[in-house]
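This report describes selected local features of the structure shown below. It is arranged by topic for a reader who meets the structure here.

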Amino acid sequence: MMKWNLYSRGDKFFAIVVSVLIGLFTVATLYPFIYIAAVSFSSGFAAQAGKVVLTPIDATIEAYGYILKDPQFWISYRNTFIYTIGGTIMSLMFIIPCAYALSRPQLKGRRFFNLFIAFTMWFNAGLIPFFLNMRDLGLLDSMFGIILGFAINAFNIILLRNFFESIPQSFEEAARMDGANDFQVLWKVFIPLSKPAIATITLFLIVARWNGFFWAMVLLQSESKIPLQVFLRHTISNLSDDDEFAIVQTAAGFSAETVTAAIIVCSIIPVLIVYPFIQKYFEKGILLGGVKE
Amino acid sequence: MSGVNLSGIVKSYGAMQVVHGIDLTVAEKEFVVLVGPSGCGKSTTLRMIAGLEEITAGDLTIHDRRVNRIAPKDRDVAMVFQNYALYPHLNVADNMAFGLRIRKMPKNEIKTTIDDVAEILGLTEYLDRRPADLSGGQRQRVAMGRAIVRHPKVFLFDEPLSNLDAKLRTQMRAEIKRLHKRLGVTSVYVTHDQVEAMTLADRIVVMNNGAIEQIGTPMELFNNPSNTFVAGFLGSPPMNQMKGTLTDSGALVGDVEIKINGATGPHAGRNVIVGIRPEHVTLTAEEGTSPLPINLDLVEPLGSEALLHARHGEDNLVFKANTENDIDSLSGVNKVHIPAHLVKIFDADTGKALVLGD
């Protein structure tokens with residue numbers, strides 16, 4: 001509860017400015033969602049004519065009917081799930097032990113390794129060398145290649161490493177006295193204590209994988225392997241210069257715009273569903289009470 | 001068989017040596033307290049026994065087995081940490097069971113062990129709570145419970161009471177002592193609080209600057225400190241120390257001669273430190289006492305007694321006096337009487353206690 005009387009004039013002014021800015025920001029991020037959803041439920045004519053602002057015009061689900069009948073939509077949808085789940089698990093398998101090792105003072109050459117990891121945040125080989133590397137490893141047009149090739153992410157490692165470093169040393173020592181080896185210390189103490197941090201990077205990983213577009217487009221050729229985002233791109237380019245489609249759509253009541261919007265809505269739904277489950281781990285103060293400094 | 005034996009234990013961090021060759025034998029079932037000021041190496045020594053710090057040189061044996069290069073988990077020791085280090089994500093029962101599960105003890109045995117220990121520590125009704133929902137004293141008990149359930153050969157305590165408030169500390173101190181009597185496990189206890197050391201220890205090890213100053217029972221150390229450091233560390237307030245010179249019949253402090261038991265003649269002219277415990281002086285002359293004029297500058301009443309802060313020459317002194325008489329009368333005190341048989345003499349240069357012949 002704000003106790004307005006306790007605020008000075010300057011504080012009140014500040015609170016108002018902040019509220020307005022937050023309000024504007026909320027609108028700016030929320031509106032595209034609403035707009036896309038509205039377009040996806042509008043008729044093709046209305047969408048093309050630019051009549052849609054906030055709510056669907058001539059509401060229809062024709063666009064959904066069109067894409068849900070397309071087998072390629074379901075294949076790429078499935079692929080996106082595979083890349084997201086497989087990639088996230090693969091990444092966590094690398095990132096957690098890596099971050100733990102880098103956070104331990106007893107690691108020999110720790111500074112060097114830390115620098116080595118951080119280095120990749122600022123410099124990387126670039127598009128073509130990376131592509132050639134993947135080609136030479138036989139990972140072109142390979143689903144496993146997509147999962148493995150992007151498993152390690154320096155930013156997430158550093159994020160988690162910093163969190164591990166903030167866990168008091170005495171937890172590790174207590175676990176060691178209790179008989180735990182390195183893996184047990186990590187698995188039974190550090191991971192449970194790091195749920196908020198791990199939930200955060202898991203969400204980062206899921207979103208990055210789910211929206212992963214560029215490298216999938218570069219590295220994958222087979223239609224049977226492309227993820228939803230690449231399918232979306234194909235759909236947009238196919239539909240907009242397909243004369244035949246233009247005739248079909250006029251009759252059916254959808255257009256390239258509404259179909260695109262419908263695919264986007266379909267692709268957003270799973271992330272929206274996952275978020276509340278992960279969000280519950282963003283609880284504060286999980287370390288409270290265990291140690292007293 | 002010895003519980004824990006340290007011989008020539010050295011700890012260095014790079015070129016800096018912090019523990020300079022410690023020799024100490026802790027008998028089985030003995031309660032030994034390492035005490036000393038911050039940075040004296042007592043915690044480092046304890047952590048070397050635990051296996052949390054590598055030993056640079058020397059030999060460490062636990063129950064006659066050399067453990068220098070043995071992992072903490074295989075040393076059969078348990079440690080209570082200063083900050084408790086309870087796992088916040090586990091409840092009290094799981095905190096205590098953690099080590100047992102890792103050691104693959106059967107489930108029903110774990111349960112009986114936990115229940116027994118919880119009973120001893122009065123934690124039975126808190127077994128389902130998380131550490132965050134416990135009070136400081138309860139957390140401290142859980143930390144001890146976690147050590148006890150494993151039935152280790154040695155308990156190590158690293159300043160376990162320093163995070164508790166004064167009242168709770170006194171209470172937990174008594175509990176630790178009772179627990180030790182009941183379980184009879186070899187214990188090494190680190191503290192900077194000399195009261196804890198005096199009350200808990202079978203033997204006290206006074207450490208300073210990475211070396212042992214003196215080892216002995218609390219009363220031995222209190223009555224016969226081997227040097228000025230120990231004299232100034234134990235006792236509350238600690239022993240008064242005044243610069244002086246030995247004469248044929250006693251010691252000259254400023255222009256006052258204080259009578260001392262023992263033959264001072266052979267040492268006459270030697271520069272010494274004259275030590276007298278605050279509680280050993282009297283306010284009235286008695287047989288065998290010598291008067292010491294003082295300038296009183298503060299009286300601190302403590303209830304049954306009062307502390308007199310005073311000066312004699314350049315030396316700041318503190319004395320204890322009974323308050324059975326009127327406390328106001330204490331403000332008029334201008335001299336105290338020092339009993340000859342309780343005066344301690346230390347060499348002024350080395351700080352070592354001087355043993356005088358008869």
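## A hairpin and its sheet in chain B

In the hairpin formed by S16(B) and S17(B), 3 residues lie between the strands, and B:Gly303 adopts a positive phi near 110°. The model is predicted: local features need pLDDT of at least 70 and side-chain atom pairs count only at pLDDT 80 or more, whereas totals for chains, interfaces and linings use all residues. Residues are numbered from 1 along each chain as its sequence is written, chains are lettered from A and ligands numbered from 1 in the order in which they are written, and side-chain values use heavy atoms, with hydrogens and water left out. Helices (H or I, at least four residues) and strands (E, at least two) are DSSP runs numbered from the N terminus.

S16(B) and S17(B) are antiparallel and share 6 bridges; two strands pair if DSSP finds at least two bridges between them. Within this pairing, B:Leu296 has B:Ala310 in S17(B) as its bridge partner. Strand S17 (residues 305-312) of chain B is also joined to S18(B) by 8 bridges, again running antiparallel, and B:His312 stands opposite B:Asp315 in S18(B). The 3 strands form an open, antiparallel sheet in the order S16-S17-S18 (chain B). Strand S16 (295-301) and strand S18 (315-322) of chain B each have a single partner strand and stand at the edges, so one side of each is left without a neighbour in the sheet. From one strand to the next the twist averages 25°, where axes are lines fitted to C-alpha atoms, for helices over the stretch in contact, and angles run from 0 to 180 degrees between N-to-C directions.

## A helix of chain A

Helix H4 (residues 71-103) of chain A contains 33 residues and reaches 47 Å from its first C-alpha to its last, close to the 48 Å expected at 1.5 Å a residue. That expected span is 1.5 Å times one less than the number of residues.

## Aromatic rings

Rings of Phe, Tyr and Trp (its six-membered ring) pair if their centres lie within 6.5 Å; planes under 30 degrees apart count as stacked, over 60 as edge-to-face and the rest as tilted. This rule gives 27 aromatic pairs over all chains. The ring centres of A:Tyr31 and A:Tyr35 are 6.0 Å apart with planes at 35°, so this pair is tilted. Both residues belong to helix H1 (residues 9-40) of chain A, 4 residues apart, and are separated by about one helical turn. A:Tyr35 is partly exposed at 32% relative accessibility; the classes are buried under 20% relative accessible area, exposed over 50% and partly exposed in between (1.4 Å probe, protein chains only).

B:Tyr87 and B:Phe98 form another tilted pair, 4.3 Å centre to centre with 40° between the planes. Both B:Tyr87 and B:Phe98 are buried. B:Arg146 lies over the face of B:Tyr87, 4.8 Å from the ring centre; a charge sits over a ring if NZ of Lys or CZ of Arg is within 6 Å of the ring centre and within 35 degrees of the ring normal.

## Backbone exceptions

Most residues other than glycine have a negative phi, and most peptide bonds are trans. A:Asp58, which is not a glycine, has a positive phi of about 50° and is exposed, with a relative accessible area of 52%. B:Lys104 likewise is not a glycine and has a positive phi, of about 60°. The peptide bond from B:Ser236 to B:Pro237 is cis, with omega near -10°.
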